[in-house]
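The sequence and the model are displayed below for reference.

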Amino acid sequence: MTDTLVVTKRRRSWAGWKFVGPFLAVFALVFLAPIGYSIYLSLYRNRLIGGNSFVGLDNYTQALRDEQFWAGFGRVALFLVVQVPIMLVLALLVALAIDSGRLYGKAFFRVTIFLPYAVPAVVATLMWGFMYGTQFGLVGNINEALGVTLPDPLGGSLALASIGNIVTWEFVGYNMLIFYSALRVVPGSLYESAEIDGAGAFRIITAIKLPAIRGALVIATIFSVIGSFQLFNEPAILRPLAKNVLTTGYTPNMYAYQLSFSGQQYNYAATVAIIMGLITMVIAYVVQLRGTREN
């Protein structure tokens with residue numbers, strides 16, 4: 001009898017692993033294995049004499065002194081500080097407007113604002129790149145029609161702002177949907193109690209709605225932080241229009257791509273990727289801690 005109970009307990013203990021086993025196998029294959037291999041590559045360097053040899057943390061030391069890497073990091077950091085708050089505030093305002101019940105045709109506005117997110121990033125960037133063009137695009141047509149000279153959206157200091165405009169256009173609807181979904185689960189009794197107490201619309205927003213969607217705000221901010229440090233598609237696609245401004249090291253991801261596929265420096269590219277991953281992880285974790293901290 002005792003042996004039977006032991007066998008039954010062992011079978012039960014393995015039952016859970018049978019369910020999660022396929023997921024763990026895929027997770028290890030597509031997530032843990034690439035990270036492990038990248039760390040392995042970052043500890044080696046391909047030399048003319050001796051081939052691929054172990055160098056320890058030399059690649060990391062080189063990256064920390066690499067001015068081109070830190071210049072690209074500075075751009076994405078500035079992008080994060082400026083673009084992300086603007087995008088999230090716009091998304092929040094739209095979500096609050098749709099949820100207020102005072103907006104006529106809110107279903108139409110909800111779908112319309114979300115629609116840009118359904119456009120592939122490559123298509124959206126090409127479309128905006130055409131409008132930014134001073135020789136063949138919308139800006140060039142306006143210059144020719146009105147006889148003026150508008151600033152080049154992809155020239156000098158305006159390039160990063162122009163990229164930020166594209167990203168904002170793409171992701172306002174996505175973040176709006178996150179906020180709106182969180183607002184829809186707020187109990188209606190809270191609004192009724194607030195109205196009975198004489199609270200106005202602004203007071204309801206600040207005292208009920210914003211605290212209720214705090215978790216959604218944190219999630220959207222974390223996603224935006226990660227997306228900002230991963231900036232690649234938009235500047236890479238727009239680069240043929242402004243090669244002197246959007247260089248191969250314009251962002252850390254573009255720099256790692258250029259090192260790997262053009263410079264054949266796989267080890268150093270892996271190092272840059274690992275450093276960016278660590279920085280992103282730390283900043284996202286800090287945002288999470290501050291966002292979930294009790295007042």
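Which residues does Phe229 touch, not counting residues up to four places away in sequence? The residues in question are Phe73, Val76, Leu80, Asn253, Met276, Thr280 and Ile283. The model is predicted, and the points below are grouped by topic.

**Nonpolar cores**

- The largest nonpolar core holds 50 residues, and Phe229 is among the members that touch the most others, together with Ile163, Phe179, Leu246, Tyr250 and Val272.
- At least two residues of this core come from each of H2, helix H3 (67-99), helix H5 (121-132), H7, helix H10 (214-229), helix H12 (252-262) and helix H13 (266-292).
- Within this core the most residues are given by H3, which supplies 13.
- There is also a second, separate core of 5 residues, including Val186, Tyr191, Ala194 and Ile204.

**Salt bridges around Asp99**

- The count of salt bridges comes to 2.
- One of them joins Arg184 to Asp99, with 3.4 Å between the closest N and O atoms.
- Because Arg184 lies in helix H7 and Asp99 in helix H3, this pair ties together parts that are 85 residues apart in sequence.
- The side chain of Lys209 also meets that of Asp99 in a salt bridge, at 3.1 Å from N to O.
- This second pair links distant parts of the chain, with Lys209 in helix H9 (residues 201-212) and Asp99 in helix H3, 110 residues apart.
- Buried means under 20% relative accessible area; Asp99 counts as buried because its relative accessibility is 10%.
- Lys209 has 8% relative accessibility and therefore also counts as buried, whereas Arg184, at 48%, counts as partly exposed.

**Buried asparagine Asn59**

- Asn59 is found in helix H2 (residues 58-64), and its relative accessibility of 2% is why this residue counts as buried.
- Which backbone oxygen does the side chain of Asn59 reach at 2.9 Å? The oxygen belongs to Ser42.
- A polar atom of the Asn59 side chain also lies 2.7 Å from the backbone oxygen of Tyr44.
- Leaving aside neighbours within four places in sequence, Asn59 is in contact with Leu41, Ser42, Leu43, Tyr44 and Arg45, and with Asn267, Tyr268 and Thr271.

**Buried asparagine Asn175**

- Asn175 is placed in helix H7 (residues 158-184).
- With a relative accessibility of 2%, Asn175 counts as buried.
- The side chain of Asn175 reaches the backbone oxygen of Phe171 at 2.8 Å.
- Beyond its neighbours within four places in sequence, Asn175 is in contact with Met87, Leu88, Ala91, Ala220 and Ser224.

**Largest pocket**

- The largest pocket contains about 690 Å³ of space.
- Its lining comprises 24 residues, of which Ser38, Ala270, Ala273, Ile274 and Gly277 are the closest to the centre of the pocket.
- The elements that give two or more residues to this lining are helix H1 (2-42), H12 and H13.
- Which element gives the most to the lining of the largest pocket? H13 does, with 10 residues.

**Loop residue Pro151**

- Pro151 lies in the loop between helix H6 (138-146) and H7.
- Is Pro151 buried or exposed? Pro151 counts as exposed, because its relative accessibility is 58% and the cut-off for exposed is over 50%.
- Not counting residues up to four places away in sequence, Pro151 touches Val139 and Leu158.
- The C-alpha atoms of Pro151 and Gly129 are separated by 14 Å, and the two residues are 22 apart along the chain.

How values were computed:
Residues numbered from 1 in each chain as written. Predicted model: local features only at pLDDT ≥ 70, side-chain atom pairs only at ≥ 80, totals over all residues. Heavy atoms only, no water. Helix = DSSP H or I, 4+ residues; strand = E, 2+ residues; numbered from the N terminus. Buried < 20%, exposed > 50% of the residue type's maximum accessible area, 1.4 Å probe, protein only. Polar contact = N/O pair within 3.5 Å; in protein donor to acceptor, adjacent residues only side chain to side chain. Contact = heavy atoms within 4.5 Å. Core = buried A, V, L, I, M, F, W, Y, C linked by side-chain atoms within 4.5 Å. Salt bridge = Lys/Arg side-chain N within 4 Å of Asp/Glu carboxyl O. 1 Å grid on protein atoms, 1.4 Å probe; cavity = no way out; pocket = protein on both sides within 12 Å on 5 of 7 lines; lining within 4 Å. Points joined across faces, edges and corners; volume = space filled by probe spheres on them.
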